[in-house]
Amino acid sequence: RVNARRWRRFAKWVTTGGEIRPDVGFDDIVATVDAPTTIVWGDKDAFGTPAAGRELARKMDADFHLVPDAGHMPWYDDPDAVASATLRSLGAGGSDA
């Protein structure tokens, strides 16, 4: 069962670029996500390396897909690759890690 309140809290943290509560760090928030998750990461992301994306996926027990020649928003740079990664996760649960 997806804990929607926790997921919304995590999404707000990510989109605002800061912590919701100063005593709760990123790792604490990630640990509360109990929904199947797929991380799709651009290999040219200026905000985090592919290794950071793989580590995030590991912490969340999530599928990880790296999109070549894509930045922080890979769905803009290569929507077909993101769609393909999403469909692979939904179908086979595979990973590109």
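**Figure 1. Glu-55, a partly exposed residue, and its partner Arg-58**. Arg-58 is exposed, because its relative accessible area is 55%. Residues are numbered from 1 along each chain as its sequence is written. Because the model is predicted, local features need pLDDT of at least 70 and side-chain atom pairs count only at pLDDT 80 or more, while totals for chains, interfaces and linings use all residues; side-chain values use heavy atoms, with hydrogens and water left out.

**Figure 2. The salt bridge between Lys-44 and Asp-69**. Searching the whole structure turns up two salt bridges; in this view, the side chains of Lys-44 and Asp-69 meet at 3.8 Å, N to O. The pair links distant parts of the chain, 25 residues apart: look for Lys-44 in the loop between strand S1 (38-42) and helix H3 (50-60), and for Asp-69 in the loop between strand S2 (63-67) and H4. Lys-44 is exposed, with a relative accessible area of 53%. Asp-69 is exposed too, at 62%.

Figure 3. Followed from the N terminus, the order of elements is α-α-β-α-β-α-α. Of the 97 residues in the protein, 30% are buried. Take the contacts (heavy atoms within 4.5 Å) between residues at least 6 apart in sequence: 55% of them join residues at least 24 apart. The protein exposes about 6,300 Å², and 55% of that is supplied by carbon and sulfur atoms (accessible areas come from the Shrake-Rupley method with a 1.4 Å probe; for residues, only the protein chains shown count as cover).

**Figure 4. A nonpolar surface patch that includes Trp-75 and Tyr-76**. Together with Met-73, these residues form a nonpolar patch with about 370 Å² of accessible area (patch residues have over 30% relative accessible area and no salt bridge; nonpolar side chains, meaning Val, Leu, Ile, Met, Phe, Trp and Tyr, are joined within 5 Å, and like charges within 9 Å). Aromatic rings pair if their centres lie within 6.5 Å, using Phe, Tyr and the six-membered ring of Trp; planes under 30 degrees apart are stacked, over 60 edge-to-face and the rest tilted. By this rule there is one aromatic pair. Trp-75 and Tyr-76 form it, tilted, with 6.2 Å from centre to centre and 45 degrees between the planes. Trp-75 sits in helix H4 (residues 74-77) and is partly exposed, at 45% relative accessible area, whereas Tyr-76 is exposed, at 60%.

**Figure 5. Ser-89 and its side-chain contact with Asp-63**. You will find Ser-89 in helix H5 (residues 79-91). Ser-89 counts as buried because its relative accessibility is 13%. A polar contact of 3.1 Å joins its side chain to that of Asp-63 (N or O atoms within 3.5 Å; within protein, one must be able to donate a hydrogen and the other to accept it, and residues adjacent in sequence count only if both atoms are side-chain atoms).

**Figure 6. The surroundings of Thr-37**. Thr-37 lies in the loop between helix H2 (26-31) and S1, and is buried at 11% relative accessible area. A polar atom of its side chain is 2.8 Å from the backbone oxygen of Ala-35. Which residues does Thr-37 contact, leaving aside its neighbours within four places in sequence? They are Trp-7, Met-60, Ala-62 and Asp-63.

**Figure 7. Val-30 with Lys-59, and Gly-48 with Gly-71**. Val-30, in helix H2, is buried at 3% relative accessibility. Between Val-30 and Lys-59 there are 7.3 Å from C-alpha to C-alpha, with the two 29 residues apart in sequence. Gly-48 is in the loop between S1 and H3 and is buried, with a relative accessible area of 13%. Gly-48 and Gly-71 are 9.5 Å apart in space, C-alpha to C-alpha, and 23 residues apart in sequence.

Methods:
Helices (H or I, at least four residues) and strands (E, at least two) are DSSP runs, numbered from the N terminus. Buried means under 20% relative accessible area, exposed over 50%, partly exposed in between (1.4 Å probe, protein chains only). A salt bridge is a side-chain nitrogen of Lys or Arg within 4 Å of a carboxyl oxygen of Asp or Glu.
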